[in-house]
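Biologist: Please take a close look at one part of this model, the packing of its helices and the spaces beside them. Which residues are involved, and what are they like?

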Amino acid sequence: MYPNIKRYGFIYGIVLALILSLAARYIGKLPGLHMLGPLVIAILLGMAWRHWLPLPHSTESGIRFAAQKVLRLGIILMGLRLNWQDLASAGSSVLWLAAACLLFGIFVVYAISRWFGIDHDLAMLVACGTGICGAAAVVAVAPQLDADRAKTGTAVAIVCVMGTLFTMLYALVFPMLPWDASQYGRFAGATLHEVAHVVAATDPLTSAAVNLAIMVKLSRVALLAPVALLLGVMTTRRSKPMQNANTTAGHEAASAAATRSFAAKLLALPIPWFVFGFLAAAAIRSLGWVQASTAASMVDFAYILLGMGMAGLGLNMRVEDIRQHGVKAFAACFIGSLLLAGLAAILII
């Protein structure tokens, strides 16, 4: 009986994410809501459902699947709208912009968080989520920091809410900015938290501007693996047992334990393979192996998958976790995100 409950709960979670995604597509077409886009609306619907309506515990596996696997599949299919010529025209400036914003975002948010009295693990989780790629970065670096589930969940909720907030803010502010579509695309890709947030914020722009924004964002995502690996090395060094350091046997045991810990973290390192899938899809499109009409249909389907992922992120958010653990972290993330936006605005001018 229990396996059936888990299986049906898994299916229910995925179906719920699909329903919210389709509902968001419909609501996004209503007057006055087009500027938000279906992806932002999907995560808001997920948050509202989580807060106001019952959600069986058995559905969490399906919701996580939508927020992780389905979301990444949608990102991969989005590569079909990209042409390699866009990559060549973007040049090395895209990578430099992404790297500068990533480093600035991590260090600034971490410094502000520590200044606010937030512990090391939560501060680093929120910093990486802000500087790299939102919830995906939080989940990736959490095992490297040995962070507990409460801190990980709080950090995920904070960066998801912050990314949604800034996505809506960008949609309202963009018409007032003296920027062209290309500048705004680079700005969004360099500062927003999730890839889906970047897509949502740049959706009203031309395809070229959206593609440029995604490339800037994916340049940040591609740096997730080395950052997570570096954090794993630093954590291993900090956590070496010291109680047996006075004896040779104790020292050897401590070294062996540290080595095993590092090896386990290295094997568990979540490499962002969906980045390579995205680039492979772009290559397929660039080589002409997929017709334009087919690619357009697949991209439209990708938006449904992205909407499911965003709905899953919203359904995973716990307002009570933010209230209990992350008020200061939320403030640090907000201030850091504003400063990151300021830096990116200077760099793209």
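**Helix contacts, a pocket and a cavity**

Modeller: In α5, residues L97, A100, C101, F104, G105, V108, V109, I112 and S113 meet A332, C333, I335, G336, L339, L340, L343, A344, L347 and I348 of α17. Contact here means heavy atoms within 4.5 Å, and helices are DSSP runs of H or I with at least four residues, numbered from the N terminus. This is a predicted model, in which local features need pLDDT of at least 70 and side-chain atom pairs count only at pLDDT 80 or more, while totals for chains, interfaces and linings use all residues. Residues are numbered from 1 along each chain as its sequence is written, and side-chain values use heavy atoms, with hydrogens and water left out.

The axes of α5 and α17 (residues 327-348) come within 9 Å and cross at roughly 150°. That makes α5 roughly antiparallel to α17, a label given to angles over 145 degrees. Axes are lines fitted to C-alpha atoms over the stretch in contact, and angles run from 0 to 180 degrees between N-to-C directions. The crossing of α5 and α17 is right-handed; in a right-handed crossing the near helix is turned clockwise from the far one by less than a right angle. By class, this contact has 16 nonpolar, three polar and no charged residues. Ala, Val, Leu, Ile, Met, Phe, Trp, Tyr, Cys and Pro count as nonpolar, Asp, Glu, Lys and Arg as charged, and the others, Gly among them, as polar.

α5 (92-115) also takes part in the second largest pocket, together with α6 and α12 (224-238), each of the three supplying at least two lining residues. The largest share comes from α5, with five residues. The lining consists of L102, L103, I106, F107, Y110, H120, M124, C128, V227, L230, L231 and M234, of which 11 are nonpolar, one is polar and none is charged. The pocket holds about 230 Å³ of space. On a 1 Å grid over the protein atoms alone, a pocket is an open set of points with protein on both sides within 12 Å along at least five of seven lines, a cavity is a set where a 1.4 Å probe fits but cannot get out, and lining residues have an atom within 4 Å of a point. Points are joined across faces, edges and corners, and a volume is the space filled by probe spheres set on them.

α6 (residues 120-133) packs against α7 (residues 135-145) at an angle of about 145°, with the axes 8 Å apart. From α6, the contact uses H120, D121, M124, L125, C128, G129, I132 and C133; from α7, A135, A136, A137, V138, V141, A142 and L145. These residues divide into 12 nonpolar, two polar and one charged.

C133 and A136 of that contact also line the largest cavity, with L71, R72, I75, E194, V195, V221 and F274. Its volume is about 60 Å³, and it is the one cavity of 30 Å³ or more in the structure. Helix α3 (residues 60-78) gives the most to this lining, with three residues. Seven of the lining residues are nonpolar, none is polar and two are charged.

The crossing of α10 and α11 is right-handed.

How values were computed
Angles under 35 degrees count as roughly parallel, over 145 as roughly antiparallel, 65 to 115 as roughly perpendicular and the rest as oblique.
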